[in-house]
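Visitor: I am new to this structure and would like to be shown around it. Please take the questions one at a time.

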Amino acid sequence: MALVETEGLVLKSYNLAEADKIVVFLTKDHGVVRGVAKGAKRLKSKFGSGLEPFSSVQVTYFQKDSVELVSIQKVELIRSSFTRASDPEFLRKFSYFSDLLVSMLPPHDPSELLYRMFGACLLTALPEPKAYTAVGVYFELWLLRLAGYLPDWSRCHRCGGPLGQQADLALSADFHINCANCTRARSNINLSGGERELAAMALVLSPHDFYLASEMREDELKDLSSTFKRMISQAIGREVQAGL
C-alpha cells in the first residue's frame, strides 16, 4: 500500500453508505482518481469544505495495487469554487467537462498538460460568466487533441495541400477535411473558414486570451462546439447533448 500526495481538482462526489462519499479527482500526477472519503457526510467531517465541486486541493490517499478505489486520508483546500458553483450554468458546463474527462481518460493515467488546461479553463470562467461558451470550445478542442481525435484542419487530408481560408468545406465521416478537388461525397457537416480560424487560435492561445479574441463571435463558437460534440460523441460511443 502506497501513500500518495498530489495536487488535484475535485470533479464530482456522490454518496456511499450512510456517512461516506466517493470522490473523483483530476490530479496533476496521477490523472483521474476515484476514492472513498470515510465520514465525509458527517457534520464534523475532517474533510470540511475540501470536497466541494471544482475546488483545487492537495489530496493525500492510500493506493493499493490492482484496486481502483483509493482511500482518501486528507484533503487541504487550495482554492474554492463554491460561489461560482452555485450558478446553474457554471455547474452544468463544468459537470459536462467532468463527465467527458471521466469518459475519455483511463483511471490513473497522468497528463499534466490536460490538468493545467482544465485548471486554466476553470480560472478563466470563475470570474467571467460571459466566457463560458469560449471556454467550452477551448476545452472540447484540447480534450480531442490530447486524446488523439483532432484532425489537422489546415491541410487537405487526401492531397496534403493547404486549405487557406475558403468559405465552407465539408467534413468527412471521420471529421477530416478534403479540398474541393478531393471531395468525393456530400456531407451534411460543413466547417467555415471562420470556425477553422477559431480552432487554430485555440491551439496557440491560453483560455483567457482565446475568450478575449473570440468575444464577438458567439455564433461561430456555438457552431464549432456543435461539431466538436459530434466528434466527442463518436469517440465515447454515446451522444453528447448539443445544448451544453
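What follows is a set of questions and answers on the chain, some of its residues, its ring pairs and its pocket.

Visitor: What kind of model is this, and how are residues numbered?
Guide: This is a predicted model, in which local features need pLDDT of at least 70, side-chain atom pairs count only at pLDDT 80 or more, and totals for chains, interfaces and linings use all residues. Side-chain values use heavy atoms, with hydrogens and water left out, and residues are numbered from 1 along each chain as its sequence is written.

Visitor: Which pattern does the protein chain follow along the sequence?
Guide: Helices (H or I, at least four residues) and strands (E, at least two) are DSSP runs, numbered from the N terminus. The protein chain has 7 helices and 7 strands. Read along the sequence, the pattern is β-β-β-β-β-α-α-α-α-β-β-α-α-α.

Visitor: What percentage of the residues in the protein chain is buried?
Guide: The C-alpha atoms fill a box of roughly 65 × 40 × 25 Å along the principal axes. Buried means under 20% relative accessible area, exposed over 50%, and partly exposed in between, with a 1.4 Å probe and protein chains only. Of the 244 residues in the protein chain, the buried share is 46%.

Visitor: What share of the contacts with a separation of 6 or more joins residues 24 or more positions apart?
Guide: A contact means heavy atoms within 4.5 Å. Among contacts in the protein chain with a separation of 6 or more, residues 24 or more positions apart account for 60%.

Visitor: How far is Val-10 from Val-57, C-alpha to C-alpha?
Guide: Val-10 belongs to strand S1 (residues 2-16) and counts as buried because its relative accessibility is 0%. Beyond four places in sequence, Val-10 touches residues including Phe-54, Ser-55 and Val-57. Val-10 and Val-57 are 47 residues apart along the chain, yet their C-alpha atoms are separated by 7.5 Å.

Visitor: Which residue's backbone oxygen lies 3.0 Å from a polar atom of the Ser-55 side chain?
Guide: Ser-55 sits in the loop between strand S3 (31-37) and strand S4 (56-63). Its relative accessible area is 0%, so Ser-55 is buried. Residues that Ser-55 touches, not counting those up to four places away in sequence, include Gly-8, Leu-77 and Arg-79. The backbone oxygen at 3.0 Å from the side chain of Ser-55 is that of Glu-52.

Visitor: Is Ser-98 buried or exposed?
Guide: Ser-98 lies in helix H2 (residues 88-104). Leaving aside neighbours within four places in sequence, Ser-98 is in contact with Leu-11, Phe-54 and Phe-118. Because its relative accessibility is 0%, Ser-98 counts as buried.

Visitor: What is the length of the polar contact between the side chains of Glu-68 and Arg-34?
Guide: Glu-68 is in the loop between S4 and strand S5 (70-79), and its relative accessible area of 39% makes it partly exposed. Glu-68 and Arg-34 are 34 residues apart in sequence and 7.0 Å apart in space, C-alpha to C-alpha. A polar contact is a pair of N or O atoms within 3.5 Å; within protein, one must be able to donate a hydrogen and the other to accept it, and residues adjacent in sequence count only if both atoms are side-chain atoms. For the side chains of Glu-68 and Arg-34, the polar contact is 2.8 Å.

Visitor: Is the pair of Phe-54 and Phe-90 stacked or edge-to-face?
Guide: Rings of Phe, Tyr and Trp (its six-membered ring) pair if their centres lie within 6.5 Å; planes under 30 degrees apart count as stacked, over 60 as edge-to-face and the rest as tilted. The whole structure has 12 aromatic pairs. The ring centres of Phe-54 and Phe-90 are 5.9 Å apart and their planes are at 85 degrees, so the pair is edge-to-face.

Visitor: Is the pair of Phe-97 and Phe-139 stacked or edge-to-face?
Guide: Phe-97 counts as buried at 0% relative accessibility, and Phe-139 does too at 0%. The centres of the rings of Phe-97 and Phe-139 are 4.2 Å apart and their planes are at 20 degrees, so the pair is stacked.

Visitor: Which element gives the largest share of the lining of the largest pocket?
Guide: A pocket is an open set of points on a 1 Å grid over the protein atoms alone, where a 1.4 Å probe fits, with protein on both sides within 12 Å along at least five of seven lines; lining residues have an atom within 4 Å of a point. The largest pocket is lined by 14 residues. Helix H4 (132-146) and helix H5 (193-202) are the elements that give two or more residues to this lining. The largest share, 3 residues, comes from H5.
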